Structures are given as C-alpha cells and as structure tokens.
Amino acid sequence: MKIDILLGLQWGDEGKGKVVDVLTPRYDVVARFQGGPNAGHTLEFEGQKYVLRSIPSGIFQGDKVNIIGNGVVLDPALFKAEAEALEASGHPLKERLHISKKAHLILPTHRLLDAAYEAAKGDAKVGTTGKGIGPTYTDKISRNGVRVGDILHNFEQKYAAAKARHEQILKSLNYSYDLTEAEKAWMEGIEYLKQFHLVDSEHEINNLLNSGKSVLCEGAQGTMLDIDFGSYPFVTSSNTVCAGACTGLGVAPNKIGDVYGIFKAYCTRVGAGPFPTELFDETGETICQLGHEFGAVTGRKRRCGWIDLVALKYAVMINGVTQLIMMKSDVLDGFDTIKACVAYRVNGEEIDYFPFDINEGIEPVYAELPGWKTDMTKMESEDEFPEEFNAYLSFLEEQLGVPVKIVSVGPDRKQTIERYTEE
Ligand code: GDP
Ligand code: IMO
Ligand code: MG
C-alpha cells in the first residue's frame, strides 16, 4: 500500500484537522510528520469542538492507530495536558497512540529561547507561536537535541547538558526568567510520556504498509510556512511540504500515493510576514468576522485576504498535489463579487510565477467572479451547488490544473461535500 498525504497549501489553518477526521474511516493509520504544538487543528462533531496540537486528528474515528512521527517536535507538558483532556472526554489514547523515539523534545528552555530570540529581533520578529519550535529544530540540526527515546536511558544527564547550554545563551541575551513551574510540569510530562508506546515508527509504518494497511499523513502549518519554500524568514522551522512526510516518517518517495492539497476559498495568515493579497479594508474585516479568523493556539486575529492563485500554483507544484480540497466556502456566501489573484505586478511587469522575494513591491492582479449569494451551509450534495459556485470551482481547477474533490461548507464534520464529477 501507499501513503496518502493531506497538507496545507497556504499559511496554515486551512482546515486540515477537520478533513483528516472526515477521511480517517478510509484509513487504518493516521500519522503526523512535522511541526509540534504550534499547530492547532480544530474538529467539530456532535455539538463538540476539539483543538488538537500534537495528537493526530485521526483519534476520534474508531480505534485507528495514530502515530507521532520522528519529524515532530513534542512538548511533554503540553502533550500531557492535551492527552489527559482527551481521555477525560471519553477518548482513551494509550493503546492506539504511538510516539516515535526519534521525535525531538521541546525543553522548557527552548520556549524561553523562542521568546528571547523574538525579543532580540525587535520589529523584524517572526511572530512565532512561542512554543519553542525554532530553537528545538535548531538543536536537532546542530546535533544537540534530546529525543523521546532518550527519556529511557541516562536522561538526567542529557537534559542537564542541554539546559546548561541554553542557559548560557539566555544569559548572553540578558534574558531573565524563572524556570521552576515550567520545569516541574515538564518533568511530570516526561513521566506521563513513559506510559505510551514509544516506538521505532519508521519500522512500524513500513511494516503496516507491507501488510496492506493504509496510512494517511497529516501535515501541520502550510506550504507558505515551509522552511525552504515559504515566505522566508517568516516561516516555521520544518518542511511542511509533501517531502517532509518522507523524512518525518521514514517512508520512501515511491510509497507516496495521493496528495490532498487543502486551501480556503480565500486566504489567511497569522503572525508577521508578507501576504500579497491581504485586505486592509472592510472586506477583509468581514471575512475575518464571518470566518471567525482567530488563531486556535494563540487566539491572535488572523490577517485575511483574497485567494492567491500564484502562490497556490506554486504550492501545487512543490507538493505534487493530486486532489484539491476547498474549505470555508460558506464564508463567501454573501459576497456580490469574489476576487482571485491570478498574477503579481512587480516593477510594472506582470508575472504569474512565485518569485524569490515577496516581501516588497508586489501588487496583486485580480480576476473578478460573480458571487453565488446563497447559503451553502446546509447543502449535502454537489447537485445543490449554485451555478456561480460551480463557475468559481471550474475557474480554480483550470488555473491550478487539479480537480477539487471535496468542498467544505461549515465547521462540522457533516458539512463536507464530495464531488464525483468527471475529471
Ligand atoms: P487547521 O490548523 O488547518 O486544522 O485549521 P484550524 O482548525 O486552525 O482553522 C480552521 C477553522 O475553520 C476552525 O475553526 C474550523 O472549525 C473552521 N472550519 C473548518 N472548515 C470550515 C468551513 O468549511 N466553514 C467554516 N465556516 N469554518 C470551517
Ligand atoms: P496549523 O497546523 C498558522 C506561524 C506563526 C508564525 C510562524 C512561525 O494550525 O495550520 P513557529 O511557532 O512555528 O516558529 O511560528 O508560523 N504558524 C502557524 N500559522 N497555522 C499554524 O499551524 C502555524 N504554526 C506556525 O504564526 O508566523
Ligand atoms: Mg490551525
């Protein structure tokens, strides 16, 4: 069997959690391959709302195995809080959540370093989620990291060495702090982690595939936040793109099956950095209010704008997307006109490719399409789609060269419509 990968094509928060939950019944295993508690994946069903940060979104549909892969960075204190809350709400995890021994641990001092580096950057700060993501991946790459498997052998020594190194850096940055509370919660998290299956997940996943089991990989963040291909330096510190699933799970590229690329019918971004189609007017504010565009992790207001097909085309290419999923269509239900950016104007010249630098001087060129002016939130089949909505879908498919297979018309699991139209 092959692995299928679901990942965000924009700046995160596309609705990955919701769709992974919807697709889970078709798979045996769901696996996260990168990122950490900077993610906030929201699921809604039966009147309940859940926000997952480190735990894959496949845990609500039956007793499927869920795996936290080696590419993920894990904060034991946040993980404990998340897992305990889920167990308390009637979703036992211990038997079916497996954690890679090679995943790296976010230390309390990594969070302090995240804050200290941001403070040192002043106006140039990235606007991180403050969860210690950058410093943890930095330690991984510079070969100083502490891994989940390390908690089983000589852990105190490894922790003390990493902490001492971090404290030296914090001192050099004149960053004052009190670690007592955070360290206590973190150590409790380490003990809690020992109750889970700590596994060699690359062996586990390949064995499962070889025995005919199907695996869905759940991306975090989005392509425009990728460390290599995103709007650098305003990005996260992992490979959020399709290739990240290979390194983050230990699965060979020739094992990749479908790649589901998920995007909003418009576009949002949280944190600092360029956003060519950002709206600073009433329309932007309306999208923000109708879409409840406030961060699931930090509560920050998300910046809103029209869909950017230049950036989306780039994301489709980098990820080898085979199927598109459009989310939050309902947010545009009341608009007379919908805009879609089809090119950038740079120094008076129009370009339709994603350039090296999108930081300055980019003016979006828009196509305008008629709005559908219909409440879509109760629709159950594509037969009910208004003509203008079908025209919007056809326009996107033509621009992006990939079919839109799923359309989401509300936050609930049930507000999801599959399209069966001929390709
Ligand atoms: P993720 O990080 O990609 O999983 O996305 P988030 O959970 O951070 O943000 C998506 C938000 O949109 C959540 O609050 C979802 O409940 C909500 N949502 C998902 N799909 C839809 C939709 O089709 N319509 C509306 N109105 N809300 C949606
Ligand atoms: P999900 O999985 C949206 C953004 C932060 C910041 C930048 C770097 O829910 O889509 P980091 O803490 O990773 O070092 O922050 O990336 N960011 C996200 N934005 N959704 C996310 O995750 C994000 N994870 C990180 O706001 O701009
Ligand atoms: Mg999110």
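1. A residue is called buried here when its relative accessible area is under 20%, exposed when it is over 50%, and partly exposed in between (1.4 Å probe, protein chains only). By that rule E278, at 16% relative accessibility, counts as buried. Please keep in mind that this is a predicted model, where local features need pLDDT of at least 70, side-chain atom pairs count only at pLDDT 80 or more, and totals for chains, interfaces and linings use all residues. Residues are numbered from 1 along each chain as its sequence is written, chains are lettered from A and ligands numbered from 1 in the order in which they are written, and side-chain values use heavy atoms, with hydrogens and water left out.

2. To stay with E278: this residue sits in the loop between strand 12 (267-269) and helix 9 (282-290). Helices (H or I, at least four residues) and strands (E, at least two) are DSSP runs, numbered from the N terminus. The side chain of E278 makes a polar contact of 2.9 Å with that of R303. Such a contact is a pair of N or O atoms within 3.5 Å; within protein, one must be able to donate a hydrogen and the other to accept it, and residues adjacent in sequence count only if both atoms are side-chain atoms. Leaving aside residues up to four places away in sequence, E278 touches R303, C304 and G305, where contact means heavy atoms within 4.5 Å.

3. D281 also lies in the loop between strand 12 and helix 9, but at 41% relative accessibility D281 is partly exposed. A polar atom of the D281 side chain is 3.2 Å from the backbone nitrogen of T283. Between the C-alpha atoms of D281 and C304 there are 9.9 Å, with the two residues 23 apart along the chain.

4. Now the magnesium ion (ligand 3): its protein donors are D13 (OD) and G40 (O), at 2.1 to 2.2 Å. Donors are N, O and S atoms within 2.8 Å of the metal (3.2 Å for Na, K and Ca); water is not among the atoms, so sites may look incomplete. D13 is in the loop between strand 1 (3-8) and helix 1, and G40 in the loop between strand 2 (29-32) and strand 3 (41-45), so the pair ties together parts 27 residues apart in sequence. D13 is partly exposed at 23% relative accessibility, whereas G40 is buried at 11%.

5. G40 turns up again at ligand 1, where a polar backbone atom of G40 is 2.8 Å from an oxygen atom of the ligand. A polar side-chain atom of T42 lies 2.5 Å from an oxygen atom of ligand 1, and an N or O atom in the D330 side chain is 2.7 Å from a nitrogen atom of ligand 1. Taken alone, ligand 1 exposes 590 Å², of which the protein buries 93%; these areas come from the Shrake-Rupley method with a 1.4 Å probe, and for residues only the protein chains shown count as cover.

6. Helix 1 (residues 16-23) is mostly covered, with eight of its eight residues buried. In helix 4 (residues 133-141), the buried residues are I133, P135, T136, Y137 and D139. They pack against strand 6 (73-74), strand 8 (104-105), helix 3 (108-121) and helix 5 (155-172). Just after helix 4, R143 has a positive phi of about 65°.
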